[in-house]
Amino acid sequence: MFSSIRVKYSLILSSAKLVKRNYKGNHNAVELTKDRYKIKRNNYSVINDKDISFFENQIGKSYVVTNSDDIEGNNIDFLRSCRGNSQLLLKPKNEIEISQILKYCYSRNLAVCPQGGNTGLVGGSVPVFDEIIISLQRLNEIYSVDEITGIITCGSGCILENLENEAKNHGLRFPLDLGAKSTCQIGGNASTNAGGLRVIRYGSLHGSILGIETVLASGNILDLMSNFKKDNTGYHLKHLFIGCEGTLGIITKVAVLCPAISSSINVAFIALPSFEAVLKTFVKAKKYLGEILSACELIDEISFKRSVETFNLNPPISGYPFYMLIETSGSNNKHDEEKFNIFLNNGMENGEILDGTFTGEPGKISEIWKIRELVPVSLIEDGYCFKYDISLPLRDFYKIVLVMRERMKNFDVDVCGYGHIGDSNLHLNVACKGFSQDIYRKIEPFVFEYTSKLKGSVSAEHGIGFLKTKYLPFSKSDEAINLMRNIKTMLDPKNILNPYKVLPQE
Ligand code: FAD
Ligand code: MLT
Ligand code: ZN
């Protein structure tokens, strides 16, 4: 029985909440994007006092921020990879105010950068030059929770964790969950088509978001709100805004379909001797756990160590090359445990699973999840991290980590891999003391060329943002990129919405 290797443990973890990084007085540590990446400013207007007065009249003086110290945190991204120089942060309260702002910006040729929780990992959420930052944080109202249909309707500035809790209060499970939940907003999630930890079970936001309201560059409000899963009335326009990273419109409302909460949730955290054993275990998880499988995550040795050591965790097992976190969500605990036991015992008998722990206790489950969720934060805690979020065929999934380790052997870096193996999505990370052009050039474009040769995707879930625009052609044909440009020009002819993002500079 697998339970015989159940390890008694008690993890005393620091809160998984993402600590908002404090940039005050430290902004010089992050180079300006325009200098680091040698970008030329487009020919936009520059804000003047008249513009500020206009915005103050429209949305109220206290929501128009011009003090550079107060804007600093909004100019720098979570990874400290990009830093803009915006002089103006606007905090509108609803779609009407956003519409007025955009109408004005459109007429004045002023560029804007929509910003949610600023947890994005590709530099999309911060300005490149002096774009006006439009924060969505005040659109944080939950309008309705329908327990019959399972639909939650809310403002785009709602924090993901608040939505998860609200869903739970109504017997629902929010279909999206990710490590940045305490800070990221549903509008940011929608506009990046965030993946996260349970895509294997609940699919992507393209499926879960039933309706969306967006303000276009012209200031027109496009109401695509819907409470129905089925609606084949012509082109499916909402999908253009899901994943557009703020370049086609500013999302102001969403309707999200949530499944019923599962009464039985179990998690196993297991150790494996090799990547081959990881693949075999994944195949068996699908076979034995089938319809109750709700997460299947991989953590390699270095990722594990970074998370555990940085946050002083007390993990149930340690000292192995690979770990997997496997979660099931079902409705019959006896039945689910039985399935899990068969799966785990089979893996142990065949030598694919070396050790592990299995639990259905909510407290322990969340302690185990923290080991996985804190990996990204641990990699940037006292330095810098080059992050790659790629889709790769499973057979070749982990090879790139080894290739990269060899390639980077003369640098003082930690190369590690973790991620959503259940979705063929690897997070390849190169953690180092600080940003260095030498390291940067050694990794890029190599990593994208490698990915492209395997017909993978250069962005599985974080998006293209600013950091990957030049690499879009590695995953999209010229024809596809031209069509994207045409759509962008049609919806935003002056290119004022989040410029320098997603599409490669011409
Ligand atoms: P921001 O970072 O503020 O913005 C992201 C992009 O969306 C920008 O281009 C911005 O302009 C645009 N945008 C934001 N709000 C709006 C809006 N209302 N309308 C139009 N455009 C808008 N991502 C994953 O996919 N899966 C993960 O598992 C995952 N885990 C993470 C874990 C950690 C610890 C961290 C720090 C990040 C993680 N991310 C993950 C990345 C990030 O959290 C997601 O991309 C998230 O969806 C961004 O939401 P946000 O509100 O912070 O958006
Ligand atoms: C994750 O899965 O943890 C996120 O996508 C963040 C990351 O890639 O580090
Ligand atoms: Zn991820």
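Helices H10 and H12 cross in a right-handed manner. Here a crossing is right-handed if the near helix is turned clockwise from the far one by less than a right angle, and left-handed if anticlockwise. Helices (H or I, at least four residues) and strands (E, at least two) are DSSP runs, numbered from the N terminus. This is a predicted model, in which local features need pLDDT of at least 70, side-chain atom pairs count only at pLDDT 80 or more, and totals for chains, interfaces and linings use all residues. Residues are numbered from 1 along each chain as its sequence is written, chains are lettered from A and ligands numbered from 1 in the order in which they are written, and side-chain values use heavy atoms, with hydrogens and water left out.

Stay with this pair. H10 spans residues 275-289 and H12 spans residues 333-349. Their axes come within 9 Å and cross at roughly 150°. Axes are lines fitted to C-alpha atoms, for helices over the stretch in contact, and angles run from 0 to 180 degrees between N-to-C directions. The angle therefore makes H10 roughly antiparallel to H12. The cut-offs are under 35 degrees for roughly parallel, over 145 for roughly antiparallel and 65 to 115 for roughly perpendicular, with the rest oblique. H10 brings Thr281, Lys284, Ala285, Tyr288 and Leu289 to the contact (heavy atoms within 4.5 Å). H12 brings Lys339, Phe340, Ile342, Phe343 and Asn346. By class, six of these residues are nonpolar, two polar and two charged. Ala, Val, Leu, Ile, Met, Phe, Trp, Tyr, Cys and Pro count as nonpolar, Asp, Glu, Lys and Arg as charged, and the others, Gly among them, as polar.

A second pair is H2 (residues 49-59) and H4 (residues 95-108). Their axes come within 10 Å and cross at roughly 160°. H2 and H4 are therefore roughly antiparallel to each other. This crossing, too, is right-handed. From H2, the contact uses Lys50, Asp51, Phe54, Phe55, Gln58 and Ile59. From H4, it uses Glu97, Gln100, Ile101, Tyr104, Cys105 and Arg108. Six of the residues are nonpolar, two are polar and four are charged.

Isoleucine 39 sits between helix H1 (33-36) and H2. Tyrosine 500 is 461 residues away along the chain, yet the two C-alpha atoms are 8.8 Å apart. Beyond its neighbours within four places in sequence, isoleucine 39 contacts Thr33, Lys34, Val128, Phe129, Phe466 and Tyr500.

Two loops have backbone details to check. Asparagine 118 is not a glycine, yet has a positive phi of about 55°. Asparagine 118 lies in the loop between strand S3 (112-115) and strand S4 (132-135). The peptide bond from glutamate 444 to proline 445 is cis, with omega near 5°. Proline 445 lies between helix H16 (437-443) and helix H17 (446-453).

Next, the ligands. Ligand 1 is surrounded by 38 residues (a heavy atom within 4 Å). The closest are Pro114, Gly116, Thr119, Gly120 and Ser191. For glycine 188, a backbone N or O atom lies 3.5 Å from an oxygen of ligand 1. Glycine 196 has a backbone N or O atom 3.2 Å from a nitrogen of ligand 1.

Around ligand 2 are Leu121, Arg372, Pro376, Lys387, Tyr418, His420, His427, Glu461 and His462. A polar side-chain atom of histidine 427 lies 3.0 Å from an oxygen of ligand 2.

Notes. Polar contact = N/O pair within 3.5 Å; in protein donor to acceptor, adjacent residues only side chain to side chain.
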